[in-house]
Amino acid sequence: AHQWRGVITEYADRLPMLAGAPTVTLREGGTPLIPAEHLSELVGAQVHVKYEGLNPTGSFKDRGMTTAMSMAAAKGAKAVICASTGNTSASAAAYATKAGMTCAVLVPEGKIAMGKLSQAIAHGATLLQVDGNFDHCLDVARKLAESYPVELVNSVNPARIEGQKTASFEIVDALGDAPDIHCLPVGNAGNITAYWRGYREYASETEGVSGALAPVSTRTPQMWGFQAAGSAPIVLGHPVDEPDTIATAIRIGNPASWQQAEAARDESGGRIEAVTDEEILRAHRILSSREGIFVEPASAASVAGLLKASAAGQVPAGATIVCTVTGHGLKDPQWALKNADGSDVAPVSVPAEAYAVARELGLQD
Ligand code: F0G
């Protein structure tokens, strides 16, 4: 019987760094690329959604965690540490468990979604809430990894970017060539860096484990990255001391891969822009109620950015566009329970009687 074997095995020839390392995997990757008919109609293009919430721990982080944890295992590491707005901690905790290592995570107190917090705890991580934001957490985690025998598994770890680039491979493999435009949310900027690397490697001859690999795609897409307006350092051109947004996953004021994100933007002829929380929630609702795809708010920033560009007349007619949605809606479900006007959704109660249910459904007067 066949099943997807995880990104390291599926793309071994494109991950020379991993050659000879033990493989720590939960069979991540192989996520669906879903044609989005309603969005396509809205923007006048062919829009596909790469649903990364369907990874083992519910976010794209698993692609980079399998590689980071495998490299850590190859070094004989016993402990890993990370700073996180939530998803990295959930992923690190799960993969550390799989690898038989201990895991410590630093998160900004009160600013991570409950689903993510519970994952880190369920997988047995030591979870420390820091009186500060993500940027402070990453600072501390880097210092610890320099001074103590713990491996840092944030995206500043080169193995993380290597693993995450496989999402681009999957998209090209599914579409037959690279899209014209790729939209994604930007926080610490590791993912846009990884996607751009993946697209470039697939478009040119690269040295793999077993020699030169032929190009798979004829071109690379424009990279369109979107930050939350209250946490948009790359858009503003300076760090943000007190980043703010309901999209807690991308509440980051000083991204570690800032320069690489700018390079991805400039080399691809793309853009990095801001979307407001309101625009993010609108896109979140369109994804769930019109496309059947439930995501966490940060993930909807890619779609929010596409809709904003479309409203400004900046989406080329008929273009092939991929939007990555980075994390599952169950991570942070509270946003589904609000109406568009901000009021709470109130489920209707009925007696256990068919006639009462029929009346409520308008099937009966
Ligand atoms: N979307 C989600 C759901 C995320 O969790 C993150 C980052 C991003 C987008 C942005 O990706 O940082 O590579 O630009 N989350 C990190 C974390 C920071 O700690 O889980 P990026």
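1. Basis of the note. The model is predicted, and local features are reported only at pLDDT of at least 70, side-chain atom pairs only at pLDDT 80 or more, while totals for chains, interfaces and linings use all residues. Residues are numbered from 1 along each chain as its sequence is written.

2. Overall dimensions. The C-alpha trace spans about 70 × 50 × 45 Å along its principal axes. The radius of gyration is 21 Å, which agrees with the value near 21 Å for a compact globule of 365 residues; it is taken over C-alpha atoms, and the globule rule is 2.2 Å times the number of residues to the power 0.38.

3. Secondary structure and packing. The protein has 14 helices and 12 strands, where helices (H or I, at least four residues) and strands (E, at least two) are DSSP runs numbered from the N terminus. Of its 365 residues, 53% count as buried, a class that requires 20 or more other C-beta atoms within 10 Å of the residue's own, with exposed meaning 12 or fewer, partly exposed lying in between, and C-beta atoms placed from the backbone. Among contacts between residues at least 6 apart in sequence, 70% join residues at least 24 apart, a contact being a pair whose C-beta atoms, placed from the backbone, lie within 7 Å.

4. The domain assignment gives domain 1 (7-59 + 160-337) and domain 2 (61-156), with bounds that come from an automatic or database assignment. The C-alpha centres of domain 1 and domain 2 lie 22 Å apart, and their contact takes 40 residues from domain 1 and 34 residues from domain 2. On the domain 1 side, α1 (7-10), α7 (158-164) and α8 (166-175) each supply at least two residues, and α7 gives the most, with five. The residues of that side divide into 16 nonpolar, 17 polar and seven charged; here Ala, Val, Leu, Ile, Met, Phe, Trp, Tyr, Cys and Pro count as nonpolar, Asp, Glu, Lys and Arg as charged, and the others, Gly among them, as polar.

5. The shell around the ligand. Of the 22 residues around the ligand, S84, G187, N188, T326 and G327 come nearest, a residue being near if its C-beta atom, placed from the backbone, lies within 6 Å of the molecule. The elements that give two or more residues to this shell are α4 (87-99) and α9 (190-203). The shell draws at least three residues from each of domain 1 and domain 2, and its residues divide into six nonpolar, 14 polar and two charged.

6. K61 is found in helix α3 (residues 61-74) and counts as buried because it has 35 C-beta neighbours inside 10 Å. Leaving aside residues up to four places away in sequence, K61 touches N87, T88 and S91.

7. G292. This residue lies in the loop between α12 (277-290) and α13 (301-311), and G292 is exposed because 11 other C-beta atoms lie within 10 Å. G292 and A36 are 256 residues apart in sequence, yet 9.4 Å apart in space, C-alpha to C-alpha.

8. Annotated span. UniProt (unreviewed entry) places the feature "domain: Tryptophan synthase beta chain-like PALP" at residues 24-327. The end C-alpha atoms of residues 24-327 lie 21 Å apart, and the span is 42% helix and 19% strand.

Note on methods. Two residues are in contact if their C-beta atoms, placed from the backbone, lie within 7 Å. UniProt positions are given in the numbering used here, feature names are shortened, and annotations may be inferred rather than shown by experiment.
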